[in-house]
Amino acid sequence: MVIALSISLLAGAVGGCSENSSAQERGPGGGGPGGRGPTQVGFITVNATSVPVISELGGRAVAFETSEVRPQVSGLIQKRFFAEGSYVRSGQPLYQVDPSLYRAAANQAEANVASARAAAQAAQARANRYRPLAQIEAVSQQEYTDAAAQARQSQASVAQNNAALETARINLRFTTVRAPISGRIGRSLFTQGALVNQNQTEPLAVIQRTDPIYVDIQQSAAELTTLRRALASGGVAPGSTQVRLRLDDGSDYGFSGTVQFSEVVVNESTGTVTLRARFPNPQGTLLPGTFVKAIFTQAVTPDAILVPQSAVQRDIGGDAYVFIVGAQNKAERRKVLADRTYGTDWVITGGLKAGDKVITQGLANLKDKAAIRPVVASTPQKIAPRPPGSGGPGAGGGQARGGGR
């Protein structure tokens with residue numbers, strides 16, 4: 001009796017193991033070993049859009065206006081009228097050069113003018129007297145001619161002396177050195193008591209106007225040539241002239257500027273072309289020489305397609321490709337042209353068209369022509385409960401414990 005019961009329990013256990021093994025081979029889905037079947041992948045449907053070609057280039061701030069203050073007469077500096085680093089206005093006195101010699105020269109020129117005018121008046125009076133006398137032949141015609149010529153020479157002498165007087169007055173005015181432009185003045189390179197002359201090479205001080213301010217941007221000549229060819233062929237459309245700045249500490253500059261022009265020569269040492277942009281600088285944040293990053297849209301690519309970077313792969317030759325949902329729910333490998341990024345996406349300019357379903361999830365070990373089960377990307381995965389009799393833990397143990405009892 002006991003022997004028959006044991007044989008019965010043993011046969012049931014063997015039958016249960018065989019059934020569990022068959023269930024595991026079929027799998028829950030019944031689609032193959034382990035129950036795997038087609039691989040589930042997530043996809044997005046792409047659309048054509050206009051994507052800006054954004055350039056981020058280095059540049060340096062340059063003063064809008066720069067003036068080197070230089071003396072136009074020679075002499076000793078008597079006074080300085082400004083505080084170093086202050087804002088000065090055009091025409092404001094900056095230095096006083098000793099005016100003694102120039103004042104004396106102006107006085108002498110005035111005296112020369114008075115003397116020339118007196119001589120001219122006498123010569124003119126003499127010519128006037130000789131005119132009627134020459135008509136009645138009381139004096140010779142030659143004497144009248146000489147008197148008239150002397151009167152004209154005297155008038156010319158007056159004009160010459162007036163010019164000398166004007167020059168003397170200008171030199172006297174130049175003894176007060178004034179600011180040629182408005183702006184921020186730097187340190188004074190000459191102090192009170194220094195001897196200066198009009199031909200010196202070193203300026204007295206430098207004034208810079210920094211509001212507005214220029215930013216000179218350096219771009220590779222090769223990149224600029226490629227961009228111009230693309231614009232000429234219609235591959236891209238012209239972009240905006242608006243420019244944003246990122247400061248050297250990583251923060252964004254609060255004002256936007258505009259590109260003014262591009263140089264027509266290439267720097268031989270660096271192979272770059274200079275683009276100049278103009279920015280408002282009311283708070284004086286940008287100082288001449290400051291290094292910045294200029295960000296601007298040089299062109300716009302029409303009908304481009306944006307694809308997440310995780311979906312684009314590259315083969316051993318460096319060519320980019322993606323997988324799309326093909327006919328009959330099979331993965332299709334598609335070669336694409338991806339030359340640049342925009343944010344977190346690749347900009348695809350060839351190989352895809354609007355409406356294509358690009359696979360972005362489940363790419364691990366995915367092969368061309370493989371059967372797939374496509375769902376919209378980021379769809380939550382549904383986990384079904386384990387079916388009865390699947391050989392899970394506890395099922396066989398319960399039967400064993402029941403058989404033991």
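Reader: What is the bridge partner of Lys-79 in E5?

Author: In E5, Lys-79 has Gln-96 as its bridge partner. The model is a predicted one. Another bridge partner in E5 is Tyr-95, which goes with Arg-80.

Reader: What makes strands E3 and E5 a pair?

Author: Pairing needs at least two bridges between two strands. Strand E3 (residues 75-80) and strand E5 (residues 93-97) are joined by 3 bridges, so they meet that cut-off. The two strands run antiparallel.

Reader: How many bridges pair E5 with E6, and in which sense?

Author: E5 pairs with E6 over 3 bridges, in the antiparallel sense.

Reader: Why are E6 and E8 called edge strands?

Author: The open sheet has 4 strands in the order E6-E5-E3-E8, with antiparallel pairing. Strand E6 (176-178) and strand E8 (195-196) each pair on one side only, and that makes them the edge strands.

Reader: What makes E5 mostly covered?

Author: A residue is buried when its relative accessible area is under 20%. In E5, 4 of the 5 residues are buried, and the strand is described as mostly covered.

Reader: Why is E16 called largely enclosed?

Author: In E16, 6 of the 6 residues are buried, so the rest of the structure largely encloses this strand. Ala-320, Val-322 and Ile-324 point one way, Tyr-321, Phe-323 and Val-325 point the other way, and all are buried. In a regular strand, side chains alternate between the two faces of the sheet.

Reader: Which strands pair with E16, and how many bridges are there?

Author: Strand E15 (residues 313-314) is joined to E16 by 2 bridges, and the two run antiparallel. The cut-off is at least two bridges, so this counts as a pair. Arg-314 stands opposite Ala-320 in E16. E16 is also joined to E17 by 6 bridges, again in an antiparallel arrangement. There, Val-325 stands opposite Ala-331 in E17.

Reader: Which residues in these hairpins take a positive phi?

Author: The hairpin of E15 and E16 has 5 residues between the strands, and Gly-318 takes a positive phi near 90° there. The hairpin of E16 and E17 has 5 residues between its strands, and in this one Gln-328 takes a positive phi near 55°.

Reader: Why is Asn-329 called partly exposed?

Author: Partly exposed covers values between the 20% limit for buried and the 50% limit for exposed. Asn-329 has a relative accessible area of 39%, so it is classed as partly exposed. Asn-329 is in the loop between strand E16 (320-325) and strand E17 (331-342).

Reader: What does Asn-329 touch beyond its neighbours within four places in sequence?

Author: Asn-329 is in contact with Ala-370, Ala-371, Ile-372 and Pro-374. The C-alpha atoms of Asn-329 and Arg-373 are 6.5 Å apart, although the two residues are 44 residues apart along the chain.

Reader: What makes the span of H2 close to the expected one?

Author: Helix H2 (residues 100-135) has 36 residues and reaches 53 Å from first C-alpha to last. At 1.5 Å a residue, 52 Å is expected, and the two values are close. Just after H2, Glu-137 takes a positive phi of about 60°.

Reader: Which residues of H2 are buried, and what covers them?

Author: The buried residues of H2 include Tyr-102, Ala-106, Ala-109, Val-113 and Tyr-130. Helix H3 (141-174) is part of what covers the buried residues of H2.

Reader: What is the predictor's confidence in the chain?

Author: The mean pLDDT is 84, and 84% of the residues reach 70 or more. Over residues 1-35 the pLDDT is below 50, and this stretch has 22 contacts beyond near neighbours in sequence. Residues 390-405 also have a pLDDT below 50, with 7 such contacts.

Technical notes. Residues numbered from 1 in each chain as written. Predicted model: local features only at pLDDT ≥ 70, side-chain atom pairs only at ≥ 80, totals over all residues. Heavy atoms only, no water. Expected span 1.5 Å × (residues − 1). Buried < 20%, exposed > 50% of the residue type's maximum accessible area, 1.4 Å probe, protein only. Contact = heavy atoms within 4.5 Å. pLDDT = per-residue confidence, 0-100.
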